[in-house]
Structure formats: structure tokens, C-alpha cells
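Work through the exercises below with the sequence and the structure in view. Each task is followed by a solution in steps.

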Amino acid sequence: MTALNSSATGSSYRGLPTLAGLATLAEAARPGLSVEACVGRLKRYHYVFLRLHEILTARITAEPIYELKTGFSHHAYLCSEHVLALRTRVGEMREPPLGLETVPHPALEVFFAEILAAPTTAELLAGVYEKALPALDAALARHLADTNPLTDAPSVRVCRFARLEIADMIEFGKRALACLVDDGTRAALQPWLSLLDECLSAAGSLDGTAPPSGEPLAPRHSARPYVYDPVPRRDERFQDLFNQGVNPEAFLYNANYPPQPKALMMLFKRLREIDVPEMMASIIYQTKGKPWGYYRDMSRQLWDEARHAMMGEAGFVSLGVDWTKARITHNWSLRLNTECTPLERHAVLYYIEQGLMTKTGKRYEWEVGQQSGIPLMATIQDYDWADEVLHAALGREWYIPQIGEWKEALDYGDRCWSKILSNWTTVRDQGLTRHENWWPAIYQQACAHWGLEPDPKVLAYAETYEGQRADLKTVSVSA
């Protein structure tokens, strides 16, 4: 009888957490949002993440600052995951057809068009990290406060996870803005930032919970349609961007060289992978009309490739090596972005991935990492290998069906890459590079860190990319 009375008054058995820990009985007793109101808000969050994914992806290639290029790669991927989560949740709530391709309010369209077209890095950072993401976070917090935590528990979970990663993104942007935007620049930004505020007011706030202001909007940056820039740009730490003076694949697969210096070549190869996000961003942005799973998976791979570049950076720093002495070029991404179609770029990407799946590919690199005696190198190659297996699977899912059978798809990738086989002589004759051999500077730094005398044979390595491309097709492997 006592237990019955305590249940009737809202007490739990021996004070245990009520309602699976979701809420107290009092919190669950308020009505909260209706399904219709909940879905209306969720669709707006979806639109915000969708546009942020588009904006961040669009700006990866042409953004010269490496830390921002990698940061945008990460955040675009996170946005793609939250788009997927919101699409799934809306689909659970009596919403066929989902209507997720509809713009929730014209003023929101202007808001994001302005940020996409922002002509400077400072404006882009302020628009994304000081306006869009904080407004989205406030909307999600309002959702959690307004909805019934029991009846709408699945939406609550989606919102809570989103807020966790939004907080990280906002913190990144806050720190970036503090480093890059001075008081004078910020003052000059104020009229445009006020326009963004006006867009949100005209939309009835980001989530539509406020009365729309009804004020007319006068677009500034988006008065002219945004045009995607496919040309990769790098900051001043990246020198000699057309250099093809060192062939790391030929060194790595030559049995006459020991594992320790081969680890340096693998770190170079990892850091050089920054050109993959530069190229993949163009595929994602320029390929329209695919299922969202395509964009999510491609964004995941793009982020992995950016992460691989950062692995190379971390590896060099751990060995006391100044990676800027190497020549981290953009020749590959530049030529693919400006000379090939999005499908041809994807074909080249898949061809490379398949070449890495053999025992002379990523497994071999992992083995070299273990043999190098550098624990971090073994870890880097272990995860790099796992990622590339995933990427090959994503290629089978999204690329091969566009071409036909596996062999046909592979042959097409080979042909596409052959279109940009080598411009070694051309860029040299145009005065864009002298193909300097940067390898001795890197190797000597590492030897100083190890306390070793450089091996004369290793130090003298000078094979170039003349007439060759950066895959394993022309490399003679003896292992």
C-alpha cells in the first residue's frame, strides 16, 4: 500500500531515478511541443546544418591557411553527420514526404547565401562561428527547454549531441577569430554582421519561434551569385608548390633503404594528403542531386584525409623536423580540379585507393612503420590503413555504380589519371619550380634528433617524378 501511495505522489521506489533517468515526473508532466511544432523546428536545424556543410566544404580548397583548411574539413564532416541524424529523426515523425529540401524561410536563405559569398576569411569566420553556430546552439537549447523530455526523448538526444559538437566548433572559431581579426577589421565587419542579425530577425529567429520582423533585406555579398573557386591555395609556409623533385614511393618501396628513413617519407606522404580534401571538396560541392548518404560518406573521407595530413604534421614535429623544408605541393589537386570533371576526379581517387589495398600498399606501410622503431609511426600507419579500407568500400558503394563493373571502373580511373600524368618539364620550363631535392634537409634534421650520422646512400637519394605519377603502378616493389 505504501509503494502505491508513493507512486501516486510521484516518488520512485527507494528514490531510484525516474523515467529511465530522462527526467523527473514533474518535468515529464508538462505538455511540451506538439509533433508538428517539433518537426517544424527540426527542419530548420536540418537546413542550418545542411547550409553550413555546403559553406565549409565550398571554402576548403581556396582557403590558404592550413589550420583553417583542416578545421573546415572537420566541421563540414560534423555537419554532415548532424544532417543525417536530423533527417532520420524527421522521418520517424509522420512526415512522408519529408519536405527537407524546402527552404524554411527566405530570410534564412539570404543569411546563408551571405556567409557562403563572404569575400574574406575574416567575414567567413565571423559569419559561421559568431552568428550561425551560436544561433543554432541557442535554438537547440530552447528546444530542450520547450519539449517534453519523455515524449520527445529521441529529439532530445539528437539536440544534445549536436550541442556538444557545436560547442567545440564555436570554441575553434572563437580562437581563430582572436588570432586573425584585429579591432580595425572587426569594426569594418559590423555593418555586414548587422545584416546577418536582420536576416535572423526577419526569419523569426533561426528556429522560427519569434515573430518575423517583416523588415526588407538588402543582400550585400550575395547580390551576385557565389562562384566556386576550384584553385587550391596555401599559406606562406608552403613553398615551391609545383615541385616534383622527390619521388617518395620509389624510395619507400626500394628494399635497399632501411625502415627508419622510410618513415620520414611516409610522414611526407601523409602531410601531402592535404591535397585530397582540396580535391574532394570540389567533387562534393559540384556534384548535385545525390542521396544524403553520398555527401555524408564523402565528407567522412574528406575529413579522414585531412586528419592524415595532420598525422604527418604531428609525426614530423615529434621528430624535431621542420616540415616546411619539404615541398608539400598542390600540383595534383590543382590539375584534377581544373582539368577533370567531378566524376573523373572520383575515378582517380578510387583507382589510388584500390592500389593501396594490396599487400604492397597500406599493409606494407604499416609493416614499415612497425619496423622503423618509431612507436608513433606504427600508430599512424595502423589507423591510416584502417581508414583507407573504409574509403575503398565507400568507393565501391558510390563510384562504381556510376561506371558499371569493377574492372571497368578501375580502368576508367587509370585513364583519367593518365590525363594528368606528368607536367614535370612544363612547370620547370615555365619557371614555376626547379624541382629542388628537399630530401637531404628533412633527413638531416631527423638524424640530428636521433643522434645518428646520416647514411650517405640515403642522403644521396634523388629520384624524381619526371615522367611518373604518385602511385604504385610504375614502382618496382621488392619486399
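A residue counts as buried under 20% relative accessible area, as exposed over 50%, and as partly exposed in between (1.4 Å probe, protein chains only). The model is predicted, so local features need pLDDT of at least 70 and side-chain atom pairs count only at pLDDT 80 or more, while totals for chains, interfaces and linings use all residues. Residues are numbered from 1 along each chain as its sequence is written, and side-chain values use heavy atoms, leaving out hydrogens and water.

**Exercise 1. Describe the chain as a whole.**

Step 1. Of the chain's 479 residues, 52% count as buried.

Step 2. Helices (H or I, at least four residues) and strands (E, at least two) are DSSP runs numbered from the N terminus. The chain has 21 helices and zero strands.

Step 3. The C-alpha trace spans about 85 × 60 × 50 Å along its principal axes.

Step 4. A contact means heavy atoms within 4.5 Å. Among contacts in the chain with a separation of 6 or more, 82% come from residues 24 or more positions apart.

**Exercise 2. Classify the ring pair of tyrosine 226 and tyrosine 285.**

Step 1. Rings of Phe, Tyr and Trp (its six-membered ring) pair if their centres lie within 6.5 Å; planes under 30 degrees apart are stacked, over 60 edge-to-face, and the rest tilted. The structure holds 20 such aromatic pairs.

Step 2. For tyrosine 226 and tyrosine 285 the centres are 6.0 Å apart and the planes at 85°, an edge-to-face pair.

Step 3. Tyrosine 226 is in the loop between helix H8 (183–202) and helix H9 (248–252), and tyrosine 285 is in helix H11 (residues 275–286), so the pair ties together parts 59 residues apart in sequence.

Step 4. Tyrosine 226, at 23% relative accessibility, is partly exposed, whereas tyrosine 285, at 14%, is buried.

**Exercise 3. Which charged end sits over the ring of tyrosine 285?**

Step 1. A charge sits over a ring if NZ of Lys or CZ of Arg is within 6 Å of the ring centre and within 35 degrees of the ring normal.

Step 2. Over tyrosine 285 it is the charged end of lysine 288, 4.2 Å from the ring centre.
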